[in-house]
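Here is a short tour of a protein model, written for someone who likes to look at geometry in detail. Have the viewer ready and follow along.

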Amino acid sequence: MYFKDIDKITFDPSQVENPLTFKHYKADELVAGKTMAEHLRFAACYWHNFCWDGADVFGQGTFGREWLKIADPMQQAKAKADAAFEFFSKLTVPYYCFHDIDVAPEGNSIKEYVANFGEMVDVLEQKQEETGLKLLWGTANLFSNPRYAGGAATSPDPEIFNYGATQVFHAMNATKRLGGENYVLWGGREGYETLLNTDLRQEREQLGRFMQMVVEHKHKIGFTGALLIEPKPQEPTKHQYDYDTATVYGFLKQYGIEKEFKVNIEANHATLAGHSFHHEIATAISLGIFGSIDANRGDEQNGWDTDQFPTNVEELTLVMYEIIKAGGFSTGGLNFDCKLRRQSVDLQDLFIGHIGGMDHMAIALKKAAKILENDFLAKKVSERYKNWNGQLGSQILKGESSLEDLAKLAVDNNISPSHKSGQQEMLENRLNQVLFS
């Protein structure tokens, strides 16, 4: 056991000074007709928690994780699995997420990769059976290895495209075998660093064909989960083709696969794109492509992806409001794609960070449910747009009026519309009454 001094985390708000208890997240508490566990569908990630040693570009690792000290790659992979499933079980999250090379060493050839990954999928399957943990989603890492410096699907070398396709083939098969409810594609290096050596049309065509192949394979193997694309505007590249949710939707439409994919929205990626987390969730829902969430946050003073644990209850409440109003998650959930700060070196810090994230999401869920009891936001929106349900609005939207018709109507009736208040300040005040009451 790696966390032998830590017991299973329980709900006990009376232990105010104990950071290893939930103060707000009570899995079986009913909120808006569902339990908290059913609403939130929490997951923890493999990569930040069990693969990262606390190193950054300016300094070496600070964490000293025992499972990372094992020299033999396969033995280390099995030790990581032991640590991971002990952690997931004690944290009481129902789901976990992984990249292929999080759980298995790449090896020195594609054949070694296939063999190593296959062996570790056996281990994961056994761990899931022993613990009852489920896989929210799997994915392939097509960005870390030097071969992917110029992209994977968008690489100028078709053999690199081929290598990446092989990883996705095996990662999709593993996700199906492990009962994964989604498969995620994040184009970490599917973009460019300079236009001086980049053919934008060529790279988009390659990426579009890659995604079409993923769809074809999904149906061939009978994978019933959702395919998810995770938007991010830049970092590590200067510009990525999956910039934000709206950009992803346009890309999917271009290649005729908009009904095959949804989005996995990460909060910190939203802010890097110049949006709010709330905006990206609302946009995805409005386009019919909302899938799942990587719950984290950035730092407003840092222009990079800091992957901190989510603590902004105001924004999280608005996110949960949109999700509940839209019917909640189907196959998706809330995955904590979060990493500790490099100075948080104690093993219990892993738990404390996740406990805080889960508690803050639970508060947000309850606040969102409170808004929905007498949905003043929806009422205001409905009132603001109500005239579009009248004769003029309906004719315009149904295509029954031309510009000439509208011009004649305006002159004949001497229309003189006036602007009505949007009442933003009133809505902000009412929202804060819910948040802080």
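The report below goes from the overall fold to one helix and then to single residues.

## Overall build

Please keep in mind that this is a predicted model. The protein is built from 16 helices and 12 strands. Its radius of gyration is 24 Å, close to the 22 Å that the globule rule gives for 437 residues, so the protein is as compact as a globular protein of that length.

Of the 437 residues, 48% are buried. If you count contacts with a separation of 6 or more, 77% of them join residues 24 or more positions apart.

## Helix α10 and its buried side

Helix α10 covers residues 277-287, and its buried residues are F277, E280, I281, T283 and A284. These five span an arc of only 165° around the axis, which puts them on the same side of α10.

What do the buried residues of α10 pack against? Their partners are the helices α8 (245-254), α9 (267-272) and α11 (313-325), together with the strands β10 (261-266) and β11 (290-294). Just after α10 comes G288, with a positive phi of about 75°.

Most residues other than glycine have a negative phi.

R41 has a phi near 45°, a positive value in a residue other than glycine. You will find R41 in the loop between α1 (36-40) and β3 (42-45). Is R41 buried or exposed? Its relative accessibility is 13%, so R41 counts as buried, the cut-off being under 20%. D307 has a phi near 55°, again positive in a residue other than glycine. D307 sits in the loop between β11 and α11, and at 6% relative accessibility D307 counts as buried. Both β11 and α11 are also on the list of elements that the buried residues of α10 pack against.

## A cis peptide bond

Most peptide bonds are trans. The bond from E235 to P236 is cis, with omega near 15°. P236 belongs to the loop between β8 (226-229) and β9 (239-240).

## Q76 in helix α3

Q76 is part of helix α3, which runs over residues 73-91. Buried means under 20% relative accessible area, so at 19% relative accessibility Q76 counts as buried. Which residues does Q76 touch beyond its neighbours within four places in sequence? The contacts of Q76 are with W67, L68 and I70.

To finish, turn the model to V381, Y385, W388 and L397, which make a nonpolar surface patch of about 450 Å². One of these residues, L397, is found in helix α14 (residues 391-397). Exposed means over 50% relative accessible area, and L397 has 64%, so L397 is exposed.

Key. Residues numbered from 1 in each chain as written. Predicted model: local features only at pLDDT ≥ 70, side-chain atom pairs only at ≥ 80, totals over all residues. Heavy atoms only, no water. Patch = residues over 30% accessible without salt bridge, like charges linked within 9 Å, V, L, I, M, F, W, Y side chains within 5 Å. Areas by Shrake-Rupley, 256 points an atom, 1.4 Å probe, with all protein chains shown as cover. Salt bridge = Lys/Arg side-chain N within 4 Å of Asp/Glu carboxyl O. Helix = DSSP H or I, 4+ residues; strand = E, 2+ residues; numbered from the N terminus. Buried < 20%, exposed > 50% of the residue type's maximum accessible area, 1.4 Å probe, protein only. Rg over C-alpha atoms; globule rule 2.2 N^0.38 Å. Contact = heavy atoms within 4.5 Å. Arc of directions from axis to C-beta.
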